[in-house]
Amino acid sequence: MQVGDVIKATRQAAGLTQVELSKRVGRARSWAGVVEDPKRDPSLSTVARVADACGYRVAVLDDAGREVLSVEPPREEGSVVQ
């Protein structure tokens with residue numbers, strides 16, 4: 001699964017449109033469509049920001065499924081994550 005597919009699946013699981021997600025992260029209306037594009041390779045911080053806006057978090061698990069660490073989304077001026 002590509003990063004854009006993960007972002008799209010996360011958004012859809014949260015019941016958000018691309019416009020709603022873009023608004024929640026304080027970006028232009030078309031932003032979510034751009035980061036969902038399979039030709040793009042969004043950063044881990046972008047994935048964490050999307051997860052946060054959708055009510056999820058990003059974590060790294062070991063082979064036994066135990067959480068090793070979690071990735072905090074960056075907080076930027078103007079971010080309106082709800």
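Leu69 is found in strand β2; helices (H or I, at least four residues) and strands (E, at least two) are DSSP runs, numbered from the N terminus. This is a predicted model, in which local features need pLDDT of at least 70 and side-chain atom pairs count only at pLDDT 80 or more, while totals for chains, interfaces and linings use all residues. Residues are numbered from 1 along each chain as its sequence is written, and side-chain values use heavy atoms, with hydrogens and water left out.

**Overall form**

- The chain has four helices and two strands, and along the sequence they follow the pattern α-α-α-α-β-β.
- Along the principal axes, the C-alpha atoms fill a box of roughly 40 × 30 × 20 Å.
- Of the 82 residues, 29% count as buried (buried means under 20% relative accessible area, exposed over 50%, partly exposed in between, with a 1.4 Å probe and protein chains only).

- Val60, Val68 and Leu69 make a nonpolar surface patch of about 240 Å².
- Accessible areas come from the Shrake-Rupley method with a 1.4 Å probe, and for residues only the protein chains shown count as cover.
- Val68 lies in strand β2, residues 67-71, and counts as exposed because its relative accessibility is 54%.
- Leu69 has 41% relative accessibility and therefore counts as partly exposed.
- Leaving out residues up to four places away in sequence, Leu69 touches Ala59 and Val60 (contact means heavy atoms within 4.5 Å).

**The nonpolar core**

- The largest nonpolar core has 15 residues, of which Ile7, Leu21, Val25, Trp31, Val50, Cys54 and Val58 touch the most other members; such a core is a set of buried Ala, Val, Leu, Ile, Met, Phe, Trp, Tyr and Cys residues joined through side-chain atoms within 4.5 Å.
- Helices α3 (31-35) and α4 (44-53) are the elements that give two or more residues to this core, and the largest share, five residues, comes from α4.
- Ile7 touches Val35, Glu36, Pro42, Thr46, Val47 and Val50, not counting residues up to four places away in sequence.

How values were computed
Patches are made of residues with over 30% relative accessible area and no salt bridge: like charges are joined within 9 Å, nonpolar side chains (Val, Leu, Ile, Met, Phe, Trp, Tyr) within 5 Å. A salt bridge is a side-chain nitrogen of Lys or Arg within 4 Å of a carboxyl oxygen of Asp or Glu.
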